Structure formats: structure tokens, C-alpha cells
Amino acid sequence: MINTLLTIAGTTYDDFIQMKVDVSNDEYLTSSEFKLIFDNPFGRHSSHFSIGDEVIIYADKDTDPATTKLFTGIIEEIRFDGRENSQKVELTGRDYTQRLMDITIEPIVYTASEISTIITNILINANITDITTTNVNVTSTTLARISFNQIPIYDAFTQLAELAGFYFYIDADKDLHFEQKKNISSGLTFDNTNILEQTFDTTRKGMANDVWVYGDRQLAGYKEQLSGDGGSVFTLISKPHNTFIEYLGNPLRGAVYQMATVPESGTNYLISYFDKQLIFASGTDLGYDSTPISGGSVLVTYDREIPIVKHGVERDSIAVYGQKNKIINDKSIRDPQTATDILKQQLDNADPYQGMVDDLKGWYTLLPGQTVNTTMSDFGLNSTELPILSVKYIFDKNTIYLENVIRVKFNKKIKDLTDELAKMNKRLDAIESADRQDTDIITRLEQATGSLLVVGSHWEVRTRNIAGLNLILDSPSFGLLDTNTLASGTTRSWVLGHSQSSILGTSTLGQVTATFITVASGGYSY
Amino acid sequence: MALTNYAKQAVAWGIGSDITNNYIQYCAIGSGSGAVLATDTTMVAETQRNTLTGSPNFTEVRKVGFQADFNSVEMSGTTLFEFGFLASGPALGGSIWQREGFGSIVFDGTSELQIVSTMEVL
């Protein structure tokens with residue numbers, strides 16, 4: 001029998017109807033997550049849970065209570081559902097990978113950096129303190145340059161993992177694992193002795209063997225020396241930006257071709273950008289002719305676009321599976337080396353995707369990223385070292401007794417509609433992030449709430465009687481010598497034993513032995 | 001306990017600047033019986049003002065304790081209804097930081113007075 005232990009915000013709960021835990025790594029393109037369903041008769045759990053409460057789930061076979069920690073995460077949604085006499089509350093949330101998904105990276109550029117150092121630096125810069133980096137392994141990849149412009153940390157880590165041939169996930173102890181693919185074997189073999197149900201899918205979906213990577217476009221200065229030939233139209237080598245024309249050493253005034261039927265007076269030349277043409281103005285309506293004389297020197301200075309574009313082809317894959325293009329448009333790519341790195345990584349996916357889903361009998365300790373061997377001769381399947389993408393646990397009263405709580409997904413994730421939506425979202429992000437620069441000056445507004453409350457915690461009014469040991473000048477009670485009063489007036493006091501009013505030199509004369517008695521008090525008790 | 005608005009303003013000033021003598025150094029007593037309000041800036045009827053006895057007590061975190069003593073001559077003939085703490089020394093001058101009122105206590109010249117107050121910052 002499978003035993004579980006569930007704690008939420010430090011309190012143990014054992015009355016859940018169903019508990020689903022999905023532990024996965026980045027190759028599954030999602031975070032680990034959980035879903036808990038409780039019965040809620042008469043509002044039993046009406047005030048037990050809050051958004052942000054930490055959820056810890058343990059599970060073991062034949063150990064009660066369970067001690068193996070499967071999952072640590074945070075409640076992100078609480079949903080009550082009631083109908084007639086039935087009430088339920090459903091809790092859902094993700095593991096600490098949600099920190100990586102919820103927080104974006106402020107614009108930054110890393111140059112000549114080894115990938116694991118980029119990973120740790122991103123976490124430090126984002127001030128994420130509840131995720132440790134003990135298992136961030138050093139890679140053999142040093143990137144010449146990579147930039148991130150306000151994209152989620154998760155997307156950045158996914159990109160870095162792909163470039164390094166690594167995968168990552170956050171374990172139940174909130175430690176980030178950034179490890180080499182297929183590096184850790186579980187030593188397990190799944191076959192018809194322990195597989196209850198299997199789906200084995202091979203598909204062209206997601207693969208690409210002809211890849212284009214479009215990065216940013218840079219402007220670079222260029223100069224052409226032309227010589228007049230009697231004509232008014234000159235064709236330039238490139239499409240010109242920021243054109244500056246000198247004729248016989250004198251700068252000329254320019255305009256845009258076809259902007260007006262007759263150019264503004266004083267215009268010497270027109271630029272037809274897409275035709276790469278420099279057209280000198282002349283004509284009856286204009287009233288003058290700017291065409292260079294034959295042999296006249298025309299110096300054209302302009303900026304030309306140099307695009308960062310890389311194209312890669314996997315010929316063997318095309319021969320077997322047919323051509324399948326993939327276009328990547330990412331304006332944040334601003335150097336050829338980064339474009340090349342991304343191109344190579346994309347061409348690693350030039351073969352059809354194989355995805356497997358196994359429902360297992362029994363209890364196994366499995367971690368995403370570990371490899372397993374699997375054999376199913378009826379499906380023509382005999383594979384070794386298949387990486388685990390995701391391990392799903394479904395705990396309810398039936399599965400824990402029957403020991404069929406585990407569903408494992410292997411190898412490659414078959415792309416579905418949600419992946420396409422995520423991909424579209426990433427493309428939009430890439431387009432929108434083009435103008436975000438690490439050198440931008442940012443005006444920041446930070447709001448927070450603090451408090452400082454000064455409370456008068458306690459006060460006392462105390463009195464004490466001075467009878468018995470006193471000689472007070474001018475006092476009708478204590479200033480008498482026989483029947484006469486010594487001294488007079490209100491400012492001349494001399495009181496035996498008083499700390500301030502009985503000083504002779506630096507010594508106190510006499511002593512008051514009575515103690516103060518509180519006659520009034522107030523404020524808060526503390 | 002009535003910590004006055006002026007006291008709160010003084011705390012705000014204290015957080016942001018270094019203001020000479022802008023801290024509690026004196027205790028005033030009086031015979032006025034008016035209601036204690038946070039808007040009070042003076043005692044209702046001040047009769048005596050003394051410097052604090054010793055230094056403020058900071059031995060407990062986030063707390064400051066004050067003590068003031070008045071001898072029997074100073075108190076003689078006073079019907080005490082109120083006390084307050086201030087930063088300034090001249091009689092009837094300055095704004096009070098704290099004022100408390102209570103039932104009357106009559107002094108006939110045979111008793112001394114001691115006032116102890118602790119303020120806590122939360």
C-alpha cells in the first residue's frame with residue numbers, strides 16, 4: 001500500500017479525496033504542479049487555506065507516515081464548489097519553478113560567460129532567495145554573447161539548457177538542478193511486467209530540418225564614389241539609410257522619391273529606398289537641373305543594413321522525412337555567434353519526436369531527467385536510456401491500495417495546442433522585447449507598506465509620605481523650630497533625605513525610608 | 001494613553017533629520033481636569049515642570065522609559081489632575097508629547113511625587 005503525508009502551512013491534512021502531483025522538468029515545458037480536492041462538509045475547510053501557503057507532499061510504500069518528499073510548492077488557487085448538500089474545495093498550485101515563471105529578467109547582456117554562471121547570476125540578480133543552486137552543474141559551454149530583455153527566467157533557463165544540452169528542474173527541497181541530459185540512470189526497466197498501460201507515439205510534429213534564424217539588423221556605414229555620366233539616376237549597392245551626398249565637394253539637399261509630384265524647391269536629389277536608387281532632381285516644373293555633369297564626382301555616404309541571419313540544413317533528415325522548415329525571429333539576437341548556437345540547437349530536433357506514456361504498477365522513486373530502459377515488443381519498442389520528462393502521481397483511495405499511482409512520460413514531449421500557444425506567446429515576447437536594452441535608464445517606482453506605531457505602553461503616578469525624617473525650610477509642618485518657621489517662600493526648600501533637595505555639597509543629609517506607592521496608572525499592559 | 005499628534009510629527013522629523021533638543025527631557029504636572037486629546041499641545045493647567053530624573057531608560061528593545069520626581073515642597077498645596085512630557089524646559093512653553101489625566105490627588109506638603117512612563121514603538 002502507498003502511504004502519503006500532506007502538510008499545508010505546517011498543518012497535516014489526511015482528508016483529501018484526491019491528490020495529483022505532476023513532477024516534471026523543463027523539457028516538458030511546464031513546472032511541477034499539484035491539485036488537491038477536499039470534502040468540505042459544513043465549511044470544514046472554509047478558513048484553513050490561503051494563497052501562498054506552502055504545500056509539502058510525501059509518499060512511500062509500506063512506510064506510515066511517508067517520509068520521502070515528493071513535492072514542495074505553493075497554493076495559487078483556491079476554489080470552493082458547492083451543490084445541494086455537497087461541498088468541495090480544490091487547491092491548485094505549482095512548485096517553486098513558478099518563481100522562475102513569474103519573474104522576468106531585467107535587460108542584461110552576458111559576454112564570454114559559462115552557462116552555469118549565467119544561471120546563478122540571474123537568480124542572484126532577481127533576488128530569489130528561496131531557491132538554492134547546489135545542483136547547478138558546470139557546463140562545457142561558454143557563450144560569446146547572450147542577452148535577455150525582460151523575458152521570464154524560466155524561458156531564459158530553457159534557452160540556456162538547450163544550448164548546453166542540459167535540463168533543469170527544482171526539487172522538493174527547493175534546490176535548482178541544472179544537469180546534463182541522459183547523465184543519470186535510474187537503473188529501472190519498464191516492460192510488460194510493470195506497465196499497466198502504454199502509449200507510444202512517433203510524429204513529425206515539432207521536428208525541423210531546415211532552420212532559419214533571424215536576429216536583429218545592424219546599420220553600418222558605407223561610402224560609394226560615383227562619377228556623373230550625364231544621366232540623373234544612379235543605382236547604389238545597398239538600400240540606403242541616413243544618406244549624405246556630396247557633389248564636387250559640396251553637400252546636397254535630399255528628399256524621398258515620390259513624396260511629392262514636384263520636389264520642394266532646393267531639393268537636389270531623391271532617394272528610392274527599395275530600388276536602391278539615387279535620383280537627381282530636374283525638370284521644367286522644378287525650374288532647375290541638379291544632374292551631375294559627365295565625369296562630375298558624386299560621393300555617396302550612407303548606412304546599410306547588415307542582417308544577422310543564419311540558415312542551417314540537416315540533409316540526412318530531409319532525405320528520410322522530407323523538408324520541414326522552422327523560422328525563428330528573435331530581435332534580441334544581435335550577434336552572429338548567438339544565432340549560430342541557436343541554429344545548431346534547433347537542428348538537434350531534425351528527427352521525428354518519440355513520446356511515451358506509461359502507467360506503472362508498483363512504487364518507484366523517479367526523478368525527471370533520469371533515464372530508464374523500456375521494452376514493449378508488440379510496439380516495436382526496445383529503447384535504452386530514455387529520459388524521464390514527467391512523473392505524475394494520482395493518489396486516491398483506489399490507486400493507493402492498488403499501487404497504480406504513477407504515470408511516467410519519456411523522451412520528447414509531443415507538441416500540442418498549449419505548446420503552440422506558448423510558442424506564439426514567446427514569439428510575441430521576442431518581438432516586443434526588441435527595443436528593451438540593458439543600457440536603458442529606468443525610472444523605478446517601488447511601493448511598500450511599513451508601520452511605526454508609538455504607543456504609551458504604561459505610566460504610573462507614585463507618591464510617598466515624608467513624615468518622620470524631615471526638616472523643610474518654610475514648611476508649616478516640617479520647618480518648625482519650636483513654634484517658628486525657618487525661612488519662607490516657595491523656591492527655598494531643603495528636604496532631609498531628598499535626592500535633589502537635601503544636598504550639602506555633594507552629600508545627602510538624612511534619608512527617606514518610605515517607598516513610593518502607585519496611586520494612579522494607565523496605558524496598555526505589557 | 002494619549003500620545004499627541006505633535007509627538008507623532010516629532011517622530012517623523014526625528015526619522016528624517018537631526019533636530020537639536022527635539023526629544024523628551026521634561027515632565028510637567030498640572031491641576032487641569034480637561035479631557036485628554038491627541039490634539040493637546042499644552043497642559044490644561046500646568047503648575048510645575050521638572051527635568052527628568054536621570055537618563056531615559058533604553059534597556060528594553062523598542063522601549064524608552066522616563067522618570068520625573070517632584071518634592072514635597074513643589075507639590076505642597078497641589079491638587080494633581082494631569083501630567084505630561086515635553087522637549088522644552090521653560091514653564092508653559094513648548095508642545096507636549098504626551099498627556100495623561102486621572103482622578104485628583106491632593107498634596108498637602110507631606111508627600112513627594114514620582115511619575116514613571118514607558119513608551120513602546122511597534
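Q: How much area do chain B and chain A bury between them, and what part of it lies on carbon and sulfur atoms?

A: The size of an interface is often given as the accessible area lost when the parts come together. Buried area here is the accessible area (1.4 Å probe) that two parts lose on being put together, summed over both. In this predicted model, chain B and chain A bury about 2,700 Å² between them, and 58% of that lies on carbon and sulfur atoms. The contact (heavy atoms within 4.5 Å) takes 32 residues from chain B and 30 residues from chain A.

Q: On what conventions do these values rest?

A: Residues are numbered from 1 along each chain as its sequence is written, and chains are lettered from A and ligands numbered from 1 in the order in which they are written.

Q: How many salt bridges are counted between chain B and chain A?

A: Side chains of opposite charge can pair when their charged atoms come close. A salt bridge is a side-chain nitrogen of Lys or Arg within 4 Å of a carboxyl oxygen of Asp or Glu. The count between chain B and chain A is one: the side chains of R464(A) and E112(B) meet at 2.6 Å, N to O.

Q: Which elements of chain B supply the side that touches chain A?

A: Helices (H or I, at least four residues) and strands (E, at least two) are DSSP runs, numbered from the N terminus. In chain B, α1, β4, α2, β5, β6 and β7 each supply at least two residues of the side that touches chain A. The largest share, eleven residues, comes from β7(B).

Q: Is E120(B) buried or exposed?

A: Buried means under 20% relative accessible area and exposed over 50%, with partly exposed in between (1.4 Å probe, protein chains only). E120(B), in strand β7 of chain B, is buried at a relative accessible area of 12%.

Q: Where do the salt bridges within chain B lie, and which residues form them?

A: One of them joins the side chains of E82(B) and R99(B) at 2.7 Å, N to O. E82(B) lies in strand β5 and R99(B) in strand β6 of chain B, so the pair ties together parts that are 17 residues apart in sequence. Both residues are buried. Another joins K63(B) and E60(B) at 3.4 Å, N to O; K63(B) is buried at 13% relative accessible area, whereas E60(B) is partly exposed at 44%.

Q: Which residues are linked with R79(A) in a network of salt bridges?

A: The network links K35(A), R79(A) and E90(A). Within it, the side chains of R79(A) and E90(A) meet at 3.6 Å, N to O. R79(A) is in strand β6 and E90(A) in strand β7 of chain A, eleven residues apart. R79(A) is partly exposed at 47% relative accessibility, and E90(A) is buried at 19%.

Q: Which residues does F379(A) touch, not counting residues up to four places away in sequence?

A: F379(A) touches Q198(A) and F200(A) under that rule. The place of F379(A) is in the loop between β27 and β28 of chain A. F379(A) and Q198(A) are 181 residues apart in sequence and 9.5 Å apart in space, C-alpha to C-alpha.

Technical notes: This is a predicted model: local features need pLDDT of at least 70, side-chain atom pairs count only at pLDDT 80 or more; totals for chains, interfaces and linings use all residues. Side-chain values use heavy atoms; hydrogens and water are left out.
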